[in-house]
Amino acid sequence: MNKNSVPVLEMRHISKQFDMTQALDDVTFSLHPGEIHALVGENGAGKSTLIKIMTGVYRPDQGEILLNGNHIQIHNSLDAQKHGIAAIYQEPMTFPDLNVAENIFISHEDRGSVVNWNKMVTDAEKILDQLGVKLNPRAQARGLTLAAQQAVEIAKAISLNVQVLIMDEPTASLSVHEVSQLFKLARSLRDKGVAVLFIGHRLEEVLEIADRVTVLRDGKLISSAHRAEVTVDTIIRDMVGRNVEEFFNKKTVEKGDLLVSVRNLGRENIFQNVNFDVHRGEILGFAGLIGSRRTDVGLALFGIEPADSGEIVFEGKSRKIGSPQEALSLGIAYATEDRRQLGLTMPMSIASNITLPTLKKYLTKLGLIRQNEEAATAEEYRKKLELRAPSVFSAVENLSGGNQQKVMLSKWLNANPKLLILDEPTRGIDIGAKVEVHHIVNELAAQGLGVILISSDLPEVLGMSDRILVMREGRQMAIFDRAEATEEKIMTAAMGQQREEVPA
Amino acid sequence: MKNLMRRFAPDQIRELVLLVLIAVILLFFNSQIENYFNARFFNRVSASVSIVGVLAIAQTLVFLTRNYDLSIGSIVGFTAFFVGQYLVAHNDMHPVLVVLMAIGMGALMGSVNGLFVAYGRIPSIIVTLGTLALYRTILVEFSNAQTILTAKLPDWIVDMPRLNIFSVGDLDFRFMVGVMLLVVIVFQLVFRYLPYGRRLYAIGSNPDAARMAGFPAQRIVFTAYILCGALSGLAGFMFLSRFGNVTVVAGQGLEISSIAAVVVGGVSNNGGSGSAIGALMGAIIIDLIENSLIRWPVISEFWRDSILGILILLAVASDTLVMSRLRNMWARSELQLTAVHAEKQDK
């Protein structure tokens, strides 16, 4: 890489805000021709936002973008393409009903007014040969593997004279062999003078492929260094090295009886060999990156996507949990991460939402709903959880995220669970509400509930949990005790840098 | 088997099956009904197919992009009525201008659909259900409950349905059939050889990818609706010419016929696959069955109405059950061929 070369793409002082979140904060960043530049960071660090600004999906609030030293505006994907910026994603963006050659040339405006099928096929062959990819240009994209579809998209980018190729977690669904093929492609592009921006979660891959590594954290650019100057340790330090600003008022609770014991739990192709215990009064944290399948373990315990191997022992008895009804009758509740889509019925009132899973308790003999009892229950939770709403008959959609979360907690607490599974309970809610939710969860544990806390927010997991289970790609990597857990250890395990065999 | 697979793509096989189906239908009714296939029957079916065939191509345009147009019947009625009304008042209007007027009227109504679907991102089924009612209401409101009468139309338009290009024995190949065939051929070529046509398939095949691909997907959907409307306008003109007497309910139900035709003809309701020839064969099958059943006393009149519905269901079921499997089979075998090819190269 020539350090003195003019950067092909330069982002200067880019800021972008969504509602309460500062997704990008004054990020200055440049890509040089003929380099593979890796961009790393935790979930929510701002990587996707940065890419989306480059490809014209978002417009920055502030800052400027320079292409080969000239100011440009990128309004949409067509603009990005005209400027020679292309992206390939984890989910390939091919057209299944068209053949390989058509997929390569579908965006071209310069191939005449009539499709010349023979010429298109030979041109496609040329590009595929150039890349060293063996694909039949006449084959339909429908049957291609993910790796082959990515190759088609790379061929498409080449055909459009790409200057900047963004690869957004391209390796997430590929086999080892396919990854090495992809890296070969990336390197051949680099040697042709293309700037490749590589986004990846697997640090070993990042270090293998990158010429330069840039770390984002909380929307800020933390470091940008040459490959020779970084190690796994420095990258992880830069990724997590933030101050824990939130205050976790963790109560130490006497560990109660064993509540649930999970042995070798698995679901085919999703996760395998998960082992853990939860005692009454204990909070077990689940940490891991996107795709670590943490949520799927929660869904298996709640019977939405039942496990197909292993054993769940609940209160001393081995149980098969095949549906949420079975889970609820045992005393297991699951508060979903997706409040808007799955957790709450937005247009309905607070009271109706709270009593939804337990509606049977509120029916008269004729099957009518006793509305005043419903309201009384809701009123009780409104006081207990300090729910801020005009009345229990207000529609949930009018509440803030934090209050919606409290409604969801109320809903599941009203089912009198023994084990409460919380999936991202504080995502997207502001700091004040977050602290309140933490407080409620701590109270619940103190009253003897077992809690599984699934969260991408590392300080939250560290601050709240008695023990922390770390997953990566469907495998349990480690369980740390509160005393020994640190952000570095968790990130290291989540990135797959080491694997500790844990005796549950 | 391999050779066979290389020669025919799944969609070509489907067209062959449709051809066989047409033959089977003809043979079946020929054995059931005395003097079934005669010149009169041929002319009746071909006149009806001329209109439904054009509408099937119109519907195919939007179907390819994974959309629908339910307002087609209303557009046909609207143009047939108002072009007719204008023609009654201006008997000396040049025929070319009359046709252009019908096409323009349809295109305008199609553009309203396209505007909402492509740029407003409202589901097409909602938009066109709305305009189906809207266009019909405008027609009823401004028609003053009149009827266009054949007697008041100029001779050229009344005589047009009987205009003959050539005859084979008793069978006449009439001008309207020629117009319809021209439309089919033109759009078969557009779908296959113009970048515009290929992008229609791309959009229906993967709408998300189309948005990211950097070609003007919205504009393409918009123009598909305009073309769909224009063809419906042309069909409206043909409708006026064929029937002469046009009331405010003209064209009602043609949206279902057109959807049945394209679905039976193998245009996928999930977008991305189908052809103009297939749509035409779908139209032929539907008209053939309808017109044959009228002469077949075994089936009661009331059941006849459900035939379209049954055909749609059967066609969609066969599309999901058979065609998707065939396509996957083909895709896999092509990959194998590629692999063999690659191995040979390596050696």
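This is a predicted model: local features need pLDDT of at least 70, side-chain atom pairs count only at pLDDT 80 or more; totals for chains, interfaces and linings use all residues.
The interface between the two chains was examined at the level of residues. In chain B, 27 residues are in contact with 22 residues of chain A. Helix 9 (195-205), helix 10 (207-212) and helix 14 (301-346) of chain B each contribute at least two residues to the side that touches chain A. The greatest contribution comes from helix 14 of chain B, which supplies 10 residues. Classified by residue type, this side of chain B comprises 13 nonpolar, 8 polar and 6 charged residues.

Within chain B, the packing of helix 2 (residues 10-32) against helix 13 (residues 276-294) was considered next. The axes of these helices come within 10 Å and cross at roughly 15°. Helix 2 of chain B is therefore roughly parallel to helix 13 of chain B, an angle under 35 degrees being the criterion for this description. The crossing of the two helices is left-handed. On the helix 2 side, the contact involves Arg14(B), Glu15(B), Leu18(B), Leu19(B), Leu21(B), Ile22(B), Ile25(B) and Phe29(B). Their counterparts in helix 13 of chain B are Ile277(B), Gly278(B), Met281(B), Ile284(B), Ile285(B), Leu288(B), Ile289(B) and Ser292(B). The residues of this contact divide into 12 nonpolar, 2 polar and 2 charged.

The largest nonpolar core has 248 residues, of which Val54(B) and Ile57(B) touch the most other members. Helix 11 (residues 217-243) of chain B gives the most to this core, with 17 residues. When residues up to four places away in sequence are not counted, Val54(B) touches Met180(B), Val183(B), Leu231(B), Leu234(B), Ala235(B) and Met238(B).

Two further positions, one in each chain, were examined individually. Ile138(B) lies in helix 6 (residues 124-143) of chain B. This residue is classed as partly exposed because 15 other C-beta atoms lie within 10 Å. Ile138(B) and Phe78(B) are 60 residues apart in sequence, and their C-alpha atoms are 8.3 Å apart in space. In chain A, Thr234(A) is located in helix 8 (residues 232-240). Thr234(A) counts as partly exposed because it has 15 C-beta neighbours inside 10 Å.

Key. Residues are numbered from 1 along each chain as its sequence is written. Chains are lettered from A and ligands numbered from 1 in the order in which they are written. Helices (H or I, at least four residues) and strands (E, at least two) are DSSP runs, numbered from the N terminus. A residue is buried if 20 or more other C-beta atoms lie within 10 Å of its own, exposed if 12 or fewer, and partly exposed in between; C-beta atoms are placed from the backbone. Axes are lines fitted to C-alpha atoms, for helices over the stretch in contact, and angles run from 0 to 180 degrees between N-to-C directions. Angles under 35 degrees count as roughly parallel, over 145 as roughly antiparallel, 65 to 115 as roughly perpendicular and the rest as oblique. A crossing is left-handed if the near helix is turned anticlockwise from the far one by less than a right angle, and right-handed if clockwise. Two residues are in contact if their C-beta atoms, placed from the backbone, lie within 7 Å. Ala, Val, Leu, Ile, Met, Phe, Trp, Tyr, Cys and Pro count as nonpolar, Asp, Glu, Lys and Arg as charged, and the others, Gly among them, as polar. A nonpolar core is a set of buried Ala, Val, Leu, Ile, Met, Phe, Trp, Tyr and Cys residues joined through C-beta atoms within 7 Å.
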